[in-house]
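Let's take a walk through this structure together, going from the places where chains touch to the details inside them. Keep the 3D view open as you read.

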Amino acid sequence: MTLPPQARAVVIGCGIVGNSVAYHLTDQGWSDVVLLDKGPLPNPGGSTGHASNFIFPVDHSKEMTQLTLESVRQYEEMGVFTESGGIEVARTEERMEELRRRMASAKSWGIEPVSLVTPAEVKELVPFIDETVIVGGFYTPSVGVVDSLRAGTIMRERGQESGRLTVQANTEVVGIDVEGGRVRRVRTTEGDIEAEVVVIACGVWSPKLARMAGASIPLTPAVHQMIDIGPTHWFADAKGDIEFPIVRDMDTNMYERQHGSGLEIGSYAHRAILYEPEDLPSVEEASLSPTEFPFTQEDFTLQMEQALELMPSIVGDETVGIKHAINGILSLTPDGMPILGELPEVEGLWSAAAVWIKEGPGVGKSLAEWMVHGESHIDLHSSDAARFWEHQKASAHVKARTGEGFNKTYGIVHPLEQWASNRDVRLSPYHAREQELGAVFFEAAGWERPQWYESNAPLLEEYGERVGRREAEWDTRWWSPIINAEHLAMRDRAGIFDLSAFAIFDVTGPGALGALQQVSMRQVDAAVGRVVYTPWLSPSGGFKSDLTIMRLGDEQFRVVTGGAHGMADYKWLRDNLPADGSAQLADLTSAWSTLGLWGPRARDILASLTSDDVSHEGFPFAACRTIEIGPVRVLASRISYVGDLGWELYVPIEQGARLWDLVWEAGRAHGAAACGIGVYGTTGRLEKCYRAFGTELESEYTVVEADMAWGKVKDQDFVGKEAYLRHREEPPAAILCTLTVDDHTSQSGIARFPMGREPILTRDGDPIVDSKGRRSYVTSAGAAPSVGKHVLMAYLPPDQAEVGARLAVEYMGERYPVTLDVVGSAPIFDPENTRIRS
Amino acid sequence: MPTLVYIEEPGDLAQQSLAFARGLGEPLHALTAGQRVEVTGVEHVHHAEGDAFASFAPAAIARAVVEVMGTHSPSAVVASGTPRGNEVLARVAAITDLPLAANCIASTPGDGASVTRTRWGGSLLEEARVHADTLLLTVQPHAVAAEDAAGAAAPVESFTPALRDEDLVVTVRERVGSSAGGVSLAEARVVVSCGRGAGSPEGFGIIEELAGLLGGAVGCSRAVTMAGWRPHTDQVGQTGTKIAPDIYIACGISGATQHMAGCKGAKAILAVNIDPEAPILASADYAVIGDLHEVVPAISAELRKAGTG
Amino acid sequence: MRILTCVKRVPMTGGKIVLSGDEQAIETKHLGFTISPHEECGVEEAVRLIEANGGESVVLTLGPPEAEEQLRDAMALGADRAIHLVTDGNEWDPQATAAAIVEAIRADEAANSPFDLVCFGNESADSGGYQIGIRVAYALGRPVATGLKGVSLDGSSVRCEQEVPGGRDVYVLPLPAVVTVLEGLNLPRYPSVPAKLRAQRKPLDSSSPARPEPRLEKLRLVVPESQGKEAEILGHGPDAAPAVVEVLQRIGVA
């Protein structure tokens, strides 16, 4: 076999992911696709070859769940899926609570049936378990096992049968050539291939391949230990690979699954054992395969004891031997999500890495859609390969976070849980002042941001009952009532916010306006000195981002967007710049720092600091201009995400501390409080019903559904316009609504507070599904201290979306009554927006 | 000073030992025990006699070697690196407290003699220095050329070594069993073997069929015997049987060093493997790239068609 | 009765041996380690004999601190306790190894009672010296039989079977005795999980004897040059069958 000299796309890696990407590219119409692997087929020696191959569909992440469900659909279609059922068992009451939360996620993402089961019921399903060790379980009948090697072969062969795919094994990539920022050719041991597009689907080797092109795929190879014991009489009559449900022993970070006549025991509990891709041996140097390392017993002894506790009748059987034991190598990323999409460093170079068996085919299809059509059906923003900031690509960061994250594989991870490792990476100029004020820091894009300030504790007394108290430990974890008190102080007087995590880009040049018009839904051709808030849409009219753009000059625009998604926005904008070089893009995130000042006293405070006109008439809403505060020239922008009078103040980072001191001093005279992101990101925005990207705004919802299709559609062309125009003509399948909880009292008499992602149900407990098959769930939840309520946002189908509708939310296994307050985007606090325009 | 060679039985291996010993220095003396063995190309044959040598008696033979060492002060004592050659020389080494270099392929005699010896069943070589007045070594079988056995038999000097009681304990009392039925793996002209890729004990059906058609023996990898699919007597490898067939048909055998140590003696190797990069291909003469479950039955069918099966 | 089995920690090599930079050892960063195969059968045999006759099975190794892994593996197969002669990782030559083992045996026997049987592998998988068991036997003044594929106890003697062309040669040694065994003597069990866990808690005595100057001094290791063969590809898949038969006919076996 000889390598074709050129290809439309070269996919590197014949694991589950590469096979799937290659097949789906051909299925969606591309021809001249080449699939390579350095190893032999069907098992080239990567992680697919030793995977445990089972799939539990329920995950708290919607994105992961959707990828998994799509994968299961494909595995079933290929005839390689065996449904076995699966039970996640709890040894503690705390874990039972987590299983109740998983029940909720299952309902939110539409995985049914699922049920909580008693120890006796678990015993009935899995007769070899010691049910006295557990307090209950979460049963998912649709759990199953796949033959991932066979699936890979089927997809590969389908691609080949179409005549559009050439497969070449035993061909190692030795270089990836980049010319003019674009991938040009793949150099292999069997010759070179000119390629328009290259996909790295090399699992644990991916970082090494990316480096060949000067790009980064920040993942680390890590050990997952597995042993195979058997044969046992329990499975003596087994006809297939698996006939009993798989058990995940969540509290010990382990699983046990039948494997033919034996039992496979795997663990994520041992110390994190991390490697570099360069540590992996060649096929011929390896004892087993390059991704099956020698077993290290000392890391597994505790796990053996725990498996023995749970399944003594098999694991404790002296006649059942340990047949096989390996340290299998798999991929871990610093944030636990896959790395999918075009790499920001090299045009045409795509990553399909850090993908496990359960997501493989779904990832393959989604990535192929993205490559061929510009976007995927499943919103992949959490997996976007462009999401990483520079510091997140550092090996020390990757090691630290994967090391910390490994033992959370089955962990009980609070939605607001903060990383402990590699903190204090990006510090705002206000950081020292904030520390003095007892700030409790949360991390955003590496920035340390105050979530609340302990020094504001006296405000609790000031606001008393209005603050709202929480009793359940889970509800108070990573939370403080001080957030609500800061909120009220802001509404009464003023709040000072550290917004340094904003990503800030300048677009300049004669082509700047055109470029921004192209990506922005709203009219960007505003007067100099105006601020425009606009969604960015995907080609099919879903949300790609939402952000503000300041026009600083005829040919100068400043884009301000959220830090978490900033790098992906940067890439999207860069990808849409005119080819003629008439617009330049610069990332100024590390040059400018932002201080927010809002509240009824904001103008008084600012006026006391500047001689510039900051009156309503002199500095109207949505205006921006440079003012002088003492010796500091500050770009002030009169907008608000907390729905109050005030400004974002942009200052060069090195002068930030000076600005803080001036504003702080002036603010004290007016009773201003330092306010954390707890107010900015949750309470302030929620009672104003402001949407957030990544929760309400996702690519699978439209502008009309989010009720943001105000005003007329601009004449200029923009990405997603055609779809947007169509959506405006159609009745929406769902509409974003605001609901409030009527009664927080649980059966045990404790007030409980949902925090997002819970299912919205009818009062009878039935799930609510729209005409596109999407379930209603809580996109965001939080306190609205000004109105004394707990607010939930959710998309609801039109027949349920009526003000006053009486519905329910399921939280931790119990249903709470809710009432629909607002259909669409009207705020529940200050509905006339008088504050912001005062 | 002479070089003393222990000759267990005449044949190719003995001639290899003699050739190797000659390189260490002449004159050559041979030592035989029990049954008389005709040895050519040496100056003297020391033949140990006595009841103790009626059956193989390694301890007594070792004592005889030590006695000759005492009377003739050889600069080196050599034997074949066979199980018995190694055993006898190890006993000599234990009695004399001399170092022993087993399974050598080369040696330079002299003060601080150097040897090159095999490790890992021949997959690795060690260069070593021997710190001793008398060099004890055994010769790796089939690693050096044998010398011609033609010529006149050397004069034999019989002697009855002075044995101790303990030397009489370790002696073969009886021989039991016999190589039961079928073709012996070690002596088969054709060996067809398979690894774990057979999938199950039943998976060896197609291997047995092909071996049967060729009048050959069935072999297997160590993984297969450890899994209990085949008896250890079928295992080809460093710790199994070392084979020397005219052709070794290795199906789904990757070529781990431990396995290759057992099939080095094959005159030709045909590898049937799905992986064209499998290490065994570096040692094979012929290869078929493909799934053994498809290829092996096809070969059997072709043999039947050709009427040779 | 008491049985001692001596084992050696050796790497599990793959398809290709790579040497460390100083050519003194195999590069093992990618490799696991195991008990040298003959000795694993020795451990299994000792455990079976003790299971049948009662008593104590002891396992001994001379090796680096990491060799504790192999002692624990042996105890997972059923050995009752272990003796670890800890080295700094440098190889010991056969005489030094044997002398250290003899000293350890004498010390243990002085503290307890003599071993009825001391069991070795016929030769180690890595250095293949074919002599440790014999040297130990002579030093202790005990009879030794080698290369055994059958070991059975008969009162005060041990019946030893050695596979030879044409059958099995039988030796009968009075106890106490030394035997060196071969893989195939038995099929070692896979350890159970409880056995693995018990092994972690079984007693292990360690000491660090001094390493004498080697008399068989390893200078360096060399990977033999491959034959540089280029296999002739007869074809892909079942279609290659006629070409294969042609080769078989040419060789004269079909």
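How many residues of chain A are in contact with chain C? There are 23, and they meet 20 residues of chain C; two residues are in contact when their C-beta atoms, placed from the backbone, lie within 7 Å. Before going on, note that this is a predicted model, in which local features need pLDDT of at least 70 and side-chain atom pairs count only at pLDDT 80 or more, while totals for chains, interfaces and linings use all residues. Residues are numbered from 1 along each chain as its sequence is written, and chains are lettered from A and ligands numbered from 1 in the order in which they are written.

Back to where chain A touches chain C. On the chain A side, the elements that give two or more residues are α7 (301-310) and β18 (321-332). Helices (H or I, at least four residues) and strands (E, at least two) are DSSP runs, numbered from the N terminus. The most comes from α7(A), with 5 residues. Sorted by class, this side of chain A has 11 nonpolar, 6 polar and 6 charged residues. Here Ala, Val, Leu, Ile, Met, Phe, Trp, Tyr, Cys and Pro count as nonpolar, Asp, Glu, Lys and Arg as charged, and the others, Gly among them, as polar.

Now turn to chain B and chain C, where 79 residues of chain B are in contact with 69 residues of chain C. The side of chain B that touches chain C has 41 nonpolar, 23 polar and 15 charged residues. Strands take part too: β10 (residues 174-176) of chain B and β9 (residues 167-174) of chain C run antiparallel and are joined by 3 bridges. Two strands pair if DSSP finds at least two bridges between them. To find this spot in your viewer, look for B:Arg175, whose bridge partner in β9(C) is C:Asp169.

Within chain B, β1 (residues 3-6) pairs with β2 (residues 28-33) in the parallel sense, over 4 bridges. There, B:Val5 has B:Ala30 as its bridge partner. B:Thr3 and B:Val5 point one way from β1(B), while B:Leu4 and B:Tyr6 point the other way, and all are buried. A residue is buried if 20 or more other C-beta atoms lie within 10 Å of its own, exposed if 12 or fewer, and partly exposed in between, with C-beta atoms placed from the backbone.

Chain C has 6 helices and 13 strands, and its C-alpha trace spans about 70 × 45 × 40 Å along its principal axes. Of its 254 residues, 54% are buried. One helix to pick out is α3 (residues 94-111) of chain C, whose 18 residues reach 26 Å from first C-alpha to last, close to the 26 Å expected at 1.5 Å a residue; the expected span is 1.5 Å times one less than the number of residues. Among the buried residues of α3(C) are C:Ala96, C:Ile101 and C:Ile105.

Chain A has 21 helices and 39 strands. Its C-alpha trace spans about 85 × 65 × 50 Å along the principal axes, and 58% of its 838 residues count as buried.

Just after α1(A), A:Gly29 takes a positive phi of about 115°.

In soluble globular proteins, nonpolar side chains tend to be buried together. The largest nonpolar core here has 267 residues, and those touching the most other members include A:Val10, A:Ile12 and A:Leu597. A nonpolar core is a set of buried Ala, Val, Leu, Ile, Met, Phe, Trp, Tyr and Cys residues joined through C-beta atoms within 7 Å. Not counting residues up to four places away in sequence, A:Val10 touches A:Val34, A:Leu36, A:Val186, A:Ile193, A:Ala195 and A:Val198. A second, separate core of 115 residues includes B:Leu18, B:Val39, B:Ala132 and C:Ala96.

Finally, A:Asp525 is found in the loop between α16 (512-519) and β25 (531-537) of chain A. A:Asp525 counts as partly exposed because it has 15 C-beta neighbours inside 10 Å.
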